[in-house]
Amino acid sequence: MKKIILSLIAFATYLSLGAQAPATIELPARSADRGTSAMKAFEQRQSLRNYTPTDLSAQDLGDLLWAANGFNRPDKRTAATAMNAQEIDIYVCLSDGSYLYNTREHSLDLVAEGDLRPDMGRGNEGIKPAACLIVVADMSRSPLLGREPEAAHRMAAYDAGIVSANIYIFCAANGMGTVCRAGMDKETLANGLKLGPEHVIHLNHPVGYIE
């Protein structure tokens, strides 16, 4: 408990003071009892592009990432993947740094300092989210890549869509807004996130509290 409280304080201080991005942000344990009913969340699901300037709390960000693609069993995720490839990663762009969501540790690992949110480009101009989630496939994890590369990339695209749906439903159930975007400056983002040739950027999700 003490570790979680210190992590929350560090996260809040980092956001409020614009301090140097920490190498690791330990997210609080997920809250099992929150949000509205599943049917209400489906009713409220919508694409929103305008958000309040308020930063996401560590609890909300952690719960969102777990719902999107965390582990709900020792070897399975909240988002299904073909052949259990688990090739989808989520990168989180915040005001002072971009992070890879570490699903096993339920933490954020720093990838690069600086704000990549303005670099979304291509249709994302004017959208000012508290965070932007980048849905990326690491094709090196696909068991199909060697023998059926076309099918491997097609399945990864489907898997990215499942993660996107999870993001939408969590936001709808918890007073948050998001919109799924396929258009973006992928080359700039790939360089900013230090992605390799095995990585394929599929979608981005601006996220924030509803105005």
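**View 1. The surroundings of S107.** Leaving aside neighbours within four places in sequence, S107 touches T24, I25, E26, L27, L100, Y101 and N102, where contact means heavy atoms within 4.5 Å. Strand β6 is where S107 is found; strands here are DSSP E runs of at least two residues, and helices are H or I runs of at least four, numbered from the N terminus. With 4% relative accessibility, S107 counts as buried (under 20% relative accessible area, 1.4 Å probe, protein chains only).

A quick note on the model: it is predicted, so local features need pLDDT of at least 70 and side-chain atom pairs count only at pLDDT 80 or more, while totals for chains, interfaces and linings use all residues. Residues are numbered from 1 along each chain as its sequence is written, and side-chain values use heavy atoms, leaving out hydrogens and water.

**View 2. The open sheet.** Seven strands line up in the order β1-β6-β5-β4-β7-β9-β8, with antiparallel pairing; a pair needs at least two DSSP bridges. At the edges stand β1 (24–26) and β8 (176–178), each with a single partner strand, so one side of each lacks a neighbour in the sheet.

**View 3. Strands β7 and β9.** These antiparallel strands, residues 131–138 and 199–209, are joined by eight bridges. Look for I134, which stands opposite N204 in β9.

**View 4. Helices and the sheet.** Helix α3 (residues 58–69) packs on the sheet, touching strands that include β4 (88–93) and β5 (97–102), and its direction makes about 160 degrees with that of β4. Axes are lines fitted to C-alpha atoms, for helices over the stretch in contact, with angles from 0 to 180 degrees between N-to-C directions. Helix α4 (residues 149–173) lies across β4, β7, β8 and β9, at about 5 degrees to β9.

Terms used: Buried means under 20% relative accessible area, exposed over 50%, partly exposed in between (1.4 Å probe, protein chains only).
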